[in-house]
Amino acid sequence: MVSFLIRRTGVMLLTALCLTFCVFFLTNLEPNLEKLTKSEGNQRMSDVEVQSWLEENGYRQPLFKRYGEWLGVAKGWTRTDENGEISGRCIKRGVPAEEAPDRCGLLQGDWGFSLVFKENIDGIIKEKLGLTGKLMLCVLLVMVPAALIIGVVAGMREGSKTDRTLSTFSILTTSTPEYVSGVIFIIVFASKFGGLRWFKGTSATAMENITFENFTLPVITLALYGVGYIARMTRASMAEVMNEQYIRTARLKGLGFSGVVLKHALRNALIAPFTVIMLQIPWLLTGVVIVETLFNYKGFGWTLVAAVGNNDIELLLACSVVAVFVVLVTQLLSDISYVFLNPRIRVS
Amino acid sequence: MERLTASEIIVGVLTQFTPVWIGLAVILLVSWLFRSKLGLYGKLFGSPIGVAGLILVLFWVLTAIFADLIATMDPLTQLSGMKNKKPGWPVTGEEGQWYLLGGDNLARDVFSRMVHGSRIVIAIAPAATIFAFMVGVTLGLPSGYYGGKFDTVLSFIANLVLAFPVILLFFLLVTPEIRETGVPLVMAGVLFLFPIIFFLMLFYSRFKEQPPKLIFSVAATLVLGFWAYSGLAFNKDPFGVFYMDPNLLNIFVAVVFVNSPTVFRIVRGLTIDIKTRDYVAAAQTRGETPWYIMLWEVLPNARGPLIVDFCLRIGYTTILLGTLGFFGLGLTPESPDWGTTINEGRKLLAVYPHPALPPTIALMTLVLGLNLLADGLREESLKD
């Protein structure tokens, strides 16, 4: 078990390194840097000025060196100009060069400075993740029980009318991406054309104070797309368990149907869906970005869009690191929990 | 002129779709009559869910084919006085012309845009899925069959791409800046090679002992393959037949790139399972080459799950294309594809909901059709 954990964590770290390097490469492409220079300096800079600005600010070092600096492994660059003033990656404005640390990167907790929000990135990320965390929590609270109930009820009696209806419902929800269901929900429940003005079409106010009115639509929109998938997994797993010998034995010894389902079937049927739920969390990320944009809820997804739209390289990098981290950790947890929950799997 | 009533709008829309109804009736009737001879496709008629899916998919395929006949207006023309007009509004100055589903924010016909949008989706989504399958199959078969280091490296790369959040990958890979650097061209250059490799291996392993057939098929693959390759990937087709808009190429490559690792994993898993069967052992004893076994023994026996996944994947690709349009990535803003139209429409959702609704329903019904079709196919293929 320990060697499995070590190997798995090692692969995860290697993956994280490769992925962050890819993101670093793709965000630091030449045109992005030129755009950055012009927005930092001024729009009418000549090509020569752009090049010299990039040179002076350490963007012309080899890519691996810059990746190392950003990560906090390599020493930050420093430069002494004609007047003898020292500038460098780790030297903040107003701080003498001697006091500045050697390395400043992700590992030192220095996430950089956002050009759009004019704030330190770690603060932004913390705040936005908190907001998205609330959204995700509500979504999981709605999605998981709903999906499990639908799946178990459908899989309990395979081929019955209830099963057919619920399965078709599951297919319908997996065919409705968030940008479709969100738009339809807003039209039906939040505009004067639907007639029902139960909820609000925007969740901008939910950032300070969450109410039923302003938070229902984003939560439902996000939950709906995931429900179908988990429900189908649960159904398949439940249907398989219900055909097992021990279920027949339990039935034949005279146990009632509900007793069989609750005591014997459920525990075995929920192993597979549990790992699926964990793997759904990274999937929700795309949905979070769509829903936060659609409902104007300024969380993590919205920040990602803002970073991309404004060519805010450092912020985009930070968002990517968080996203990649979330994906990899949920994968790891899903693997480990599968091994723990399923006694039939032995890790050698 | 009077504005059309709700029932007149419905009748008008249904009448416009006449070519589709005729086409649907003919295809379904012919398929139903010959269902016993059509294999898996014929068996589909035993499952109501499958038939429902087939009808929805055929509806949109036929709509894409007959788009010019169905659409009442040009999808890009803006008519004065028609901005944000409600469904059924008469066109000013034109007798007997209506905007059946109203006008959008730029005074274009919502109905015609939806109909023409189907062309883009129906053209890109299956093509991108086929390319993803070619990549996934060409790499997944040897990976599962040989195992070892080759498999470890490829699986690691596949997991790497899969661990990338899809939306992030799109934001990074589909931008005007990246088009300047030529990264999409490099990716296209690599990804578009796989179909050629696939067909070369397919024919080579089969006709190795029959030189005339071998020379003919390999030569045909090379000529056709590299002709299309030069046009699609680098836009250097000497005859100008194969051409892909740089924006479109960017989207296409991104979507293929996102989909192929999953296909790779499925094919690899199936191969590992199938290579232990007796008929593979028999082929090995006969002295068949590994590539013959992979392409002519393993692959045909893996077709059931692959066909089902193919249907599901086209639906997923449609959703991905919509997501790209929703964020305004890739295609130009005036493109009538559904994702872009939804993105345009959502900005005024609270005031004018009618431009956003038709493309959402179109996208949903197409994906639903594909998912139902996949479900029906799965059920029918499990029966035997």
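I began with Gly109(A), which is found in the loop between strand 2 (86-88) and strand 3 (113-114) of chain A; helices (H or I, at least four residues) and strands (E, at least two) are DSSP runs, numbered from the N terminus. This is a predicted model, in which local features need pLDDT of at least 70 and side-chain atom pairs count only at pLDDT 80 or more, while totals for chains, interfaces and linings use all residues. Residues are numbered from 1 along each chain as its sequence is written, chains are lettered from A and ligands numbered from 1 in the order in which they are written, and side-chain values use heavy atoms, with hydrogens and water left out.

I then looked up the exposure of Gly109(A), which counts as partly exposed at 35% relative accessibility, where buried means under 20% relative accessible area, exposed over 50%, and partly exposed in between (1.4 Å probe, protein chains only). I also noted that its C-alpha atom is separated by 8.8 Å from that of Gly72(A), 37 residues away along the chain.

**Chain A overall**

I counted the secondary structure of chain A as 13 helices and 4 strands. Its radius of gyration is 26 Å, well over the 20 Å that the globule rule gives for 348 residues, so chain A is more spread out than a compact globule; the radius is taken over C-alpha atoms, and the rule is 2.2 Å times the number of residues to the power 0.38. The C-alpha trace of chain A spans about 90 × 60 × 30 Å along its principal axes.

I recorded that buried residues make up 48% of the 348 residues in chain A. The accessible surface of chain A comes to about 17,400 Å², of which 61% belongs to carbon and sulfur atoms; areas come from the Shrake-Rupley method with a 1.4 Å probe, and for residues only the protein chains shown count as cover.

**Helix 7 of chain A**

I asked myself how many of the 13 residues of helix 7 (residues 178-190) of chain A are buried. I found 11 of them buried, so to speak mostly covered, among them Tyr179(A), Phe185(A), Ile186(A) and Phe189(A). The cover includes helix 8 (212-242) and helix 11 (271-295) of chain A, together with helix 16 (303-326), helix 17 (338-346) and helix 18 (357-383) of chain B.

Leu38(B) sits in the loop between helix 2 (18-33) and helix 3 (39-43) of chain B and is partly exposed, with a relative accessible area of 37%.

**Ser112(B)**

I placed Ser112(B) in helix 6 (residues 110-146) of chain B, where this serine is buried at a relative accessible area of 0%. Ser112(B) touches Ala71(B), Thr72(B), Met73(B) and Pro75(B), not counting residues up to four places away in sequence.

**Salt bridges**

Arg235(A) and Glu158(A) meet in one of them (4.0 Å, N to O); Arg235(A) lies in helix 8 of chain A and Glu158(A) in the loop between helix 5 (121-156) and helix 6 (161-174), so the pair ties together parts that are 77 residues apart in sequence. Glu158(A), Asp163(A) and Arg235(A) are linked in a network of salt bridges.

I also noted Arg164(A) with Glu379(B), the closest N and O atoms being 3.8 Å apart, a pair that crosses between chains, from helix 6 of chain A to helix 18 of chain B.

Methods. Contact means heavy atoms within 4.5 Å. A salt bridge is a side-chain nitrogen of Lys or Arg within 4 Å of a carboxyl oxygen of Asp or Glu.
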